[in-house]
Amino acid sequence: MIDLKLYQQPIQHDACKEGHKESSVKTAIQLDGDDGLATDLGFHNNCLKKVDYVKLHENKVILIELTNLKDEIKECIESNSLLQKPSDIKTFIKTLDKSALKKMQTKLWMEVLEEFKGKWMGSIAFYERLLRRNNIIDDPHYMLVVVLKNDTDPKDLDLLKIELNKKLVGMMGKIDVRL
């Protein structure tokens, strides 16, 4: 039986270039990292993508990802915005192929979406192994919470929330994105 109290840690982002760490007074089970639960479940550190923390509440398993994809997300939002506005580029793309614009918009988000999909699936695999190790028979409801750094532009926060929920709704249900 694995004692989850040993992995209860304050929720905090990785340190920035200046060494500052954004952290919360709230705690959760640390899944990722050398001291995380994943290694004690028998997974090597980079064998699967996983979220940073897990919080358990009744029958809910809240997967918490503290993202450092700020630049990639901003690129997606800015590029997508450019493709929405009338322009010569947009017209040219449409003359090449009627569905090219939609394909480009899909590809813009592909890297970010694949990152979240991988972390979603990998984290569920970790938690399901924990249930088996602890001989628990349960059918939990999984939820993803994405936590951005405090200096994230509120407009980017809203756009990311809309895009993630629009593009991943069938796989993950509603995704909570917050600062």
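Hi everyone. Let's start in the interior: Tyr 127 is buried, and Tyr 142 is buried too. Keep in mind that this is a predicted model.

Tyr 127 and Tyr 142 make an edge-to-face aromatic pair, 6.1 Å centre to centre, with 85 degrees between the planes. Tyr 127 sits in helix 4 and Tyr 142 in strand 5 (residues 141-147), so their pairing ties together parts that are 15 residues apart in sequence. Trp 120 joins in as well, as ring pairs link Trp 120, Tyr 127 and Tyr 142 into a cluster.

How many aromatic pairs does the model have? The count comes to 3. One of them is Phe 43 with Phe 126, again edge-to-face, at 4.2 Å centre to centre and 65 degrees between the planes. Phe 43 comes from the loop between helix 1 (37-40) and strand 3 (53-57), while Phe 126 belongs to helix 4 (residues 100-133), so this pair ties together parts 83 residues apart in sequence. As for burial, Phe 43 has a relative accessible area of 13%, and Phe 126 comes in at 0%, so both count as buried.

Now, out to the surface. Asp 71, Glu 75, Glu 78 and Glu 111 gather there in a patch of negative charge. Which helix gives the largest share of the negative patch? That is helix 2 (residues 70-84), with 3 residues. Glu 78 is found in helix 2 and is partly exposed, at 45% relative accessible area.

Lys 74 lies in helix 2 as well, partly exposed at 30% relative accessibility. Its C-alpha atom is 6.9 Å from that of Asp 156, although Lys 74 and Asp 156 are 82 residues apart along the chain.

Key. Residues numbered from 1 in each chain as written. Predicted model: local features only at pLDDT ≥ 70, side-chain atom pairs only at ≥ 80, totals over all residues. Heavy atoms only, no water. Patch = residues over 30% accessible without salt bridge, like charges linked within 9 Å, V, L, I, M, F, W, Y side chains within 5 Å. Areas by Shrake-Rupley, 256 points an atom, 1.4 Å probe, with all protein chains shown as cover. Salt bridge = Lys/Arg side-chain N within 4 Å of Asp/Glu carboxyl O. Lys, Arg positive; Asp, Glu negative; His and termini not counted. Charge placed at Lys NZ, Arg CZ, Asp CG, Glu CD. Helix = DSSP H or I, 4+ residues; strand = E, 2+ residues; numbered from the N terminus. Buried < 20%, exposed > 50% of the residue type's maximum accessible area, 1.4 Å probe, protein only. Phe/Tyr/Trp six-rings, centres within 6.5 Å; stacked < 30°, edge-to-face > 60°.
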